[in-house]
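Hi,

Here is the structure I promised to pass on. Have a look first, and my notes follow below.

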Amino acid sequence: MADVKSLNAASFPAFLADHSKVKVVRFWATWCRPCTMLEPTYEALADELADIADFGEVDIDKASDVSGALGIRSVPTVLVIKGTTAVASIVGSNAKSSYLEAIRKAV
Amino acid sequence: MSSNTSHSKVLIVGSGPAGYTAAIYAARAGLAPILVSGLEPGGQLTITTDVENYPGFADPVQGPWLVDQMKAQAERVGTRFVSDTIASVDLSERPFRLEGDDGHVYTADSLIIATGAKARWLGLPSETAFMGGGVSACATCDGFFYRGKTVIVVGGGNTAVEEALFLAGIAASVVLVHRRDSLRAEKVLQERLFAHPAIEVIWNARVEEIVGTQGPPTVTGVVARDTRDGAPRLIPADGVFVAIGHAPATDIFAGQLATKPGGYLKTAPDSTATDIPGVFAAGDVTDDQFRQAITAAGQGCMAALEADRFLAGAQPPTTAPADAGDRAAS
């Protein structure tokens, strides 16, 4: 079962603190259709890549402070974070392979 | 057959009004269709707001709701939906063979292509550089980020005007930048646009560059050139929404099917038959003229009926020009 952590300003720093795995974060909103389209793909990625990456998500309506601080101006956006650096930012709803590629490259 | 392969009499690729309508008709004809949804299940209607021209609804309905209803109807009559994106296609022999993004193989006795169209971009390097940093093609997704700000909408068709009107309800001001001196959008939309106090229109201006600051990329405006005297001007804005039309989504069929100018799939007159027997095209992937939800739905219906006839052994219509002698008497 996919483990995608719902993140906010309080839990985000702790999520990033552990550098043993690459972090993947999806920024989304309930009213954004392409965001809901991406959801099954994102959950499948979280399932498949659980060994090499931690997956989280930020609802920008509930945690606009997090998306604002990271300069997110478009949803859905998926950030791939290695250590403290965002190594990839993928905007829009894309094919699963493009996320797989970016995450594997970061590992 | 391996578990990694699915076979169907009718395979439908694409999930807008054309694909869903094809699915409804094919399922009701007992053809047990499989529909592969693609990257944007529901298609362009999912990012539109009020739909006021689809018959059957006295009051405006929401685009996402309308396609959800179509999908539910297709599902109720027996369509099998697959959440996958087709990565490669082989139409050289039957059954046709298509491969999904994950490697799943779909074989089919007939194929209905309803992949629609994807948003066209300006094609500027600066546009790519500021993607996600103020450049967007989806007002309903990204309008949220521009509350109280100034945004530019580039374009002059229905989508551009609808996006401008939607954004005017969120942003402090909206500037519609169009390269011509008139709009292609429907009159009723134009009237609403011109009457809106928060929307300004800049005519005869071609966007040449998106400008902004780096780290993180943040748009500060666009440079546009006057199409009459060539004078450049800077139009300041916090966001740029590109709405300059759509291009048919035909990449995966490149070199396998005949196309019309603009890359639209070519079909026989009064038919959805492409130049490969058993392959049909419906909706925005083939329609370079009307591009409406209702015409896409109509073509989806035609495609399913034609696929049914094809599977029953009928010769499909040909895309070759009609015999010159075969004309109605004048």
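A term to start with: a salt bridge here is a side-chain nitrogen of Lys or Arg within 4 Å of a carboxyl oxygen of Asp or Glu. B:Glu52 and B:Arg192 make one, at 3.1 Å from N to O.

Some ground rules. This is a predicted model, where local features need pLDDT of at least 70 and side-chain atom pairs count only at pLDDT 80 or more, while totals for chains, interfaces and linings use all residues. Residues are numbered from 1 along each chain as its sequence is written, chains are lettered from A and ligands numbered from 1 in the order in which they are written, and side-chain values use heavy atoms, leaving out hydrogens and water.

Now the domains of chain B. The assignment (automatic or from a database) gives domain 1 (5–119 + 246–311) and domain 2 (125–242). Their C-alpha centres are 31 Å apart. Contact (heavy atoms within 4.5 Å) takes six residues from domain 1 and eight from domain 2. The count between these two domains is one salt bridge.

On to the two chains. The contact involves 22 residues of chain B and 18 residues of chain A. Together the chains bury about 1800 Å², 55% of it on carbon and sulfur atoms; buried area is the accessible area (1.4 Å probe) that two parts lose on being put together, summed over both. On the chain B side, B:Leu39, B:Phe144 and B:Phe145 supply 29% of the area buried against chain A, more than any other three residues. Two salt bridges cross this interface. B:Asp102 pairs with A:Lys96 in a salt bridge, with the closest N and O atoms 2.9 Å apart.

Cheers
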